[in-house]
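Subject: Structure handover

Hello,

Here is the structure I promised to pass on. Please open it alongside this note.

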Amino acid sequence: MSNYHDDFQLEWHGNTVVIIPASNVESMSWDLIEQAADIVMSPLQEVEIPMVVFDLSDVSYFGSVFLALLLRCHKHVRSRGGELVLCGASKMANELLRITALDTLWAIYETRDEALDALMG
């Protein structure tokens with residue numbers, strides 16, 4: 001059984017947090033995703049206006065479980081006046097985001113540096 005601490009890394013860049021899901025994120029169960037969402041969002045409580053980058057570089061594919069996590073984080077971040085963006089999405093992930101029209105909800109950047117520049121600039 002995986003542990004959510006192994007499934008997500010958090011890196012702070014000033015007031016912006018980069019969340020890096022592990023490549024096996026799609027195999028996580030719903031209850032583990034719920035725990036992961038709480039862990040991921042917990043540090044955001046300390047920031048007045050949370051800025052979040054989900055770096056998907058290690059994730060080749062994801063589905064409804066991970067999309068639910070992204071949407072939950074997005075709702076929380078937006079309710080606090082912040083912004084959530086994505087970067088490093090694979091071709092398959094970009095296609096899924098396009099088909100679900102979620103590419104209109106989140107800005108999607110090629111690289112982490114581009115995403116950070118957009119949020120911090």
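Below is what was found, starting with the salt bridges.

Please keep in mind that this is a predicted model. The structure holds five salt bridges. Three of them are described here.

E11 pairs with R112, and their closest N and O atoms are 2.7 Å apart. This bridge links distant parts of the chain: E11 sits in strand β1 (residues 8-13) and R112 in helix α5, 101 residues apart. E11 is partly exposed, at 29% relative accessible area. R112 is also partly exposed, at 23%.

D55 lies in strand β3 (residues 51-55), 57 residues from R112. Is D55 buried or exposed? D55 counts as buried, because its relative accessibility is 4% and the cut-off for buried is under 20%. Together, E11, D55 and R112 form a network of salt bridges.

Next, R72 and D38. They form a salt bridge, the closest N and O atoms being 2.7 Å apart. R72 is in helix α3 (residues 64-79) and D38 is in helix α2 (residues 30-41), 34 residues apart. Both count as partly exposed: R72 at 30%, D38 at 43%.

On the surface, E110, D113, E114 and D117 gather in a patch of negative charge. D117 belongs to helix α5 (residues 112-120). D117 is exposed, with 58% relative accessible area.

Last, the record. An unreviewed UniProt entry annotates residues 52-119 as "domain: STAS". Over that range the chain is 49% helix and 16% strand. The end C-alpha atoms are 8 Å apart.

Best wishes

Note on methods. Residues are numbered from 1 along each chain as its sequence is written. This is a predicted model: local features need pLDDT of at least 70, side-chain atom pairs count only at pLDDT 80 or more; totals for chains, interfaces and linings use all residues. Side-chain values use heavy atoms; hydrogens and water are left out. Patches are made of residues with over 30% relative accessible area and no salt bridge: like charges are joined within 9 Å, nonpolar side chains (Val, Leu, Ile, Met, Phe, Trp, Tyr) within 5 Å. Accessible areas come from the Shrake-Rupley method with a 1.4 Å probe; for residues, only the protein chains shown count as cover. A salt bridge is a side-chain nitrogen of Lys or Arg within 4 Å of a carboxyl oxygen of Asp or Glu. Lys and Arg count as positive and Asp and Glu as negative; His and the chain ends are not counted. The place of a charge is taken as NZ of Lys, CZ of Arg, CG of Asp or CD of Glu. Helices (H or I, at least four residues) and strands (E, at least two) are DSSP runs, numbered from the N terminus. Buried means under 20% relative accessible area, exposed over 50%, partly exposed in between (1.4 Å probe, protein chains only). UniProt positions are given in the numbering used here, feature names are shortened, and annotations may be inferred rather than shown by experiment.
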